[in-house]
Amino acid sequence: MERKRWYKDMVFYQIWPRSFKDGDGDGMGDLWGVLEKLDYIKSLGCDGIWFSPIYPSPGADCGYDIADYMDIAPEFGGMEAFKKVLEGCHERGMKLLMDLVVNHTSDEHEWFEKSRRRIDPYTDYYIWRPGEKGGKLPNNWDSNFEGKAWTYDEVRGEYYLHLFAIKQPDLNMDNPLVREEVKKILHFWLDMGVDGFREDVITYISKTEGLPNDRIFPIYKGMRKYNHGPHIHEYLSEFKRDVFDKYDCFTLAEAPLVWPKRALKYIDEEKGQIDMMIQFQCETADCLFTDWLPTKFKLRKMKKAFSDWQYKLSGKAWNMLYIENHDHPRIISRYGSEKYRTESGKTLAVTYLFQQGTPFLYQGQEIGMLNWRPESPEMYEDVQTVYNYNHTNLKKSPEERLKRLWRCSRDSARTPVQWSAEKNAGFTTGTPWLPVNENYKEINVEKEEKDPDSLLNFYRKAIALRKSLPAVRYGEYREHFHRSKKLYVYTRETESQKLLVICSFTEKPAKIKIPSGYNIEKGELILANYKERDEKILKPYETRVYLFNS
Ligand code: NOJ
């Protein structure tokens, strides 16, 4: 029997706080801005918000380097604003998810300050290894952001492990005291009323004993030794047993390099320790493992990713559905077409919104924001981008190096939300911390609100439909014509309801393909992105959803 869980009927909206809406004019998005826009989020049909980190942080990785887990950063409005947002969400029947980042802290966290001075009980809160400055590193692991995974700390006279930036030392989760700290943090927010957590790179928290060298791997050496490590399920079970089971909440785990079979060990509805997983395959149809190794977009790769997760989780676990977040460039610029921005934005929306799972939208996705293309590399803020720019592809021309940033950088999707055609896109009255995309006069919420055929209003329709159709929640998923390089066609079937979803992914006209057993003349066309339709030919990026009730 399928367990009734409230998150299964919901659609979430991800807020990347710095760039969402500035309420106090300092150029940085904040919770006062969020408060102003809660009704807007609700109007999309979204039932909840996931906040990327809003805790006090020096901002080396835009908040994913936390200096205090039990407070809200003053620049975001502090606890006062947070409590208002939490209340505002609950009044509107919306849920609120926090980002739990416990693989690492900021090096400015009090625990690290004490650990590097060997002040107990913090001495073993982090992963320290002896060695001499400039000497041989403890092992061959790479960090995900800034070169090697080890940095020498002069104060302690040892190396510390950081799988991300230098300013993000990894916690030693094998230390029971650290796990108790995590539980305290969880209790703190759950007692305040938050409804769950998105858990940042949680599959990295258990490192292989002895921290052995990894085999040579083209990127991220070490990953085999810390991703899905030896005690991962034990630690997650402990958090579930001691904390999550005591609350009506849910957990969503970010998991790089995870495939459905492995994922089921975490999210099986009977035996799992968490509720849903953020997988990366659907984000790699135009790259190899990471956006920094770009390839041509391959529709078949995208379809395979979605279908694999639909088929293999069916009846066993629940999918988290997304096409954008703060870690990847904008989806229309990648999988769609900037020339057919609205059309391809609609096809992409349909692509994932009619699948089984809980969809997430990333701020700005609903209006079809595109990649940012600044004129100078100096304008980038993201730590990963700055490192890659300064250390890779050095022999290429300046133009090529800049274009690479446009294509690969996370900042491509981190520019402020474009609210209107006013100065700074209506995001702030001050100077935005990251420039707004120059296209804001053309692409903004205000303009799309007024246009019944805009992408924004299409999202509203698609979400409302999704919620009204039992086949979206319960229906069996089946992909058709999987060899097609132009069309993504899938069906969802229950005994009494069938849905046929057709998405074209080409700028050229394409011959329509209908699965056998379906007669579109007998179906009701419930969603489409063109007013006029040809019986046999799909227009560029055309999408259609047909409903068959019996
Ligand atoms: C994954 C987050 O989504 C990303 O933004 C962050 O930089 C890393 N984890 C490190 O916390």
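**Exercise 1.** Which residue of β16 is the bridge partner of E493?

*Solution.* Before we start: this is a predicted model, where local features need pLDDT of at least 70, side-chain atom pairs count only at pLDDT 80 or more, and totals for chains, interfaces and linings use all residues. Residues are numbered from 1 along each chain as its sequence is written, and side-chain values use heavy atoms, with hydrogens and water left out.

Step 1: Find strand β15 at residues 487–493 and strand β16 at residues 497–504. Strands (E, at least two residues) and helices (H or I, at least four) are DSSP runs, numbered from the N terminus.

Step 2: These two strands pair in the antiparallel sense over seven bridges; pairing requires that DSSP finds at least two bridges.

Step 3: Look in β16 for the partner of E493, and you reach K498.

**Exercise 2.** Find the edge strands of the open sheet of five strands.

*Solution.* Step 1: Write down the order, β14-β15-β16-β20-β18, with antiparallel pairing.

Step 2: Pick the strands that pair on one side only: β14 (476–480) and β18 (524–528).

**Exercise 3.** How do helices α4 and α6 lie relative to each other, oblique or roughly parallel?

*Solution.* Step 1: Helix α4 (residues 176–192) and helix α6 (residues 232–242) pack at about 40 degrees, their axes 11 Å apart. Axes are lines fitted to C-alpha atoms, for helices over the stretch in contact, and angles run from 0 to 180 degrees between N-to-C directions.

Step 2: Angles under 35 degrees count as roughly parallel, over 145 as roughly antiparallel, 65 to 115 as roughly perpendicular and the rest as oblique. The two helices are therefore oblique to each other.
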